[in-house]
Amino acid sequence: MKTKPELVFILTIDTEEEWDWDGPFPEKDFSVKNLVKIPAFQDFCNDKGIRPCYFVDYAAAKGAAENKVFAQAIKDNTCELGAHLHPWANPPFFEKPNEANSHVVNLPIEHVEAKLDELVSVFVNEFDYQPTSFRTGRWGISADIMQLLWSRGFTVDSSVYPYYSNEFFTCQGSPIGAYWPDAQNVLSAGEQRNIMEIQASVGFNRSAFSLCDKVHELAASAPLKYLRSVSFLWHTHLLRKIYMSPEVMEAKDMVSLAHKTYKNGASYINLFFHSSNLIKNGTGFFNVEDPFNEICSRVSAVIDALSEDYQLNFMTLKEAQVYFAQNPKMLQRS
């Protein structure tokens, strides 16, 4: 019998307050009702063998500590807690939140430092837990932030959102898969070995990701966007941009992405979603009748399908970083 190739399976959950994503950023009285779903979701993960990493922001950390949301999972060592920085919810506060400063990558580094230290103090004081994994709020990372992270003992980051850019920052051009970021250019591999980037899994239904990205960007730009070119490419299956996220994609598309990323040399998938989408109307974005069961169903279907072709190795983000560091050939297979 032919041996199945190994695929590392990582599940990361941005664990945070809920609010209407089309509305203003919340500034006080942060609602974290979605945390009530975390123990049940952890039970689902335990049944599937998944070892999730919860990227917990300040508001959720305070709520989780008060309600002992992670107490059993931490005791059983069945999950990892990573730090997630939402500027509008994380003291100290410097200015009124807006679109630009909602992205951590746009903040003055001294603001990031102050907020990060305050966030880590919650983990240490409330959970007796030192986080070593990090994801910025609203994606994006810079050399200054990366250096700040490793000065605070973080060893793995997951802030790069492949094939994405906006008016404030870009993640375009990052390697496929996990890599050691260059100290000056975090979207390129370098020589430092203090912190590893294990980016979210994003790609296309075709293997030539760089070419696909160029075509997709062209279709999304004027004048082709007015012809709904991206929609045409999606519905005809000619080109699909796929996110490894059950709040965005059906299982079949995520499975397709897993095959393509593996073919391109990545030895893992990093599946991601927001805890706020575990409850109905948690964000105004994931509009299904039973979001908790829908997310669980899609994750389960991905695992079942991939298990037919791969030997799945379930790891937390930190465990994956250690594994890749000890097995450098797995970082980018030829």
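In this predicted model, a nonpolar patch on the surface is formed by Leu218, Leu224 and Leu227. Together, these three residues have about 300 Å² of accessible area.

- Leucine 227 is found in the loop that lies between helix 6 (209-219) and helix 7 (229-235).
- Because its relative accessibility is 63%, and exposed means over 50%, leucine 227 counts as exposed.

**Burial of strand 3**

- Strand 3, made up of residues 80-85, is mostly covered, and six of its six residues are buried.
- Glu80, Gly82 and His84 point one way from the strand, whereas Leu81, Ala83 and Leu85 point the other way.
- In a regular strand, side chains alternate between the two faces of the sheet.
- Residues pointing in either direction from strand 3 are buried.

**Strand partners of strand 3**

- Strand 2 (residues 53-56) runs parallel to strand 3, and four bridges join the two.
- Within this pairing, leucine 81 of strand 3 is the bridge partner of tyrosine 54.
- Strand 4 (residues 133-136) also runs parallel to strand 3, to which it is joined by three bridges.
- Here the bridge partner of histidine 84 is arginine 135, in strand 4.

How values were computed:
Residues numbered from 1 in each chain as written. Predicted model: local features only at pLDDT ≥ 70, side-chain atom pairs only at ≥ 80, totals over all residues. Heavy atoms only, no water. Patch = residues over 30% accessible without salt bridge, like charges linked within 9 Å, V, L, I, M, F, W, Y side chains within 5 Å. Areas by Shrake-Rupley, 256 points an atom, 1.4 Å probe, with all protein chains shown as cover. Salt bridge = Lys/Arg side-chain N within 4 Å of Asp/Glu carboxyl O. Buried < 20%, exposed > 50% of the residue type's maximum accessible area, 1.4 Å probe, protein only. Pairing = 2+ DSSP bridges.
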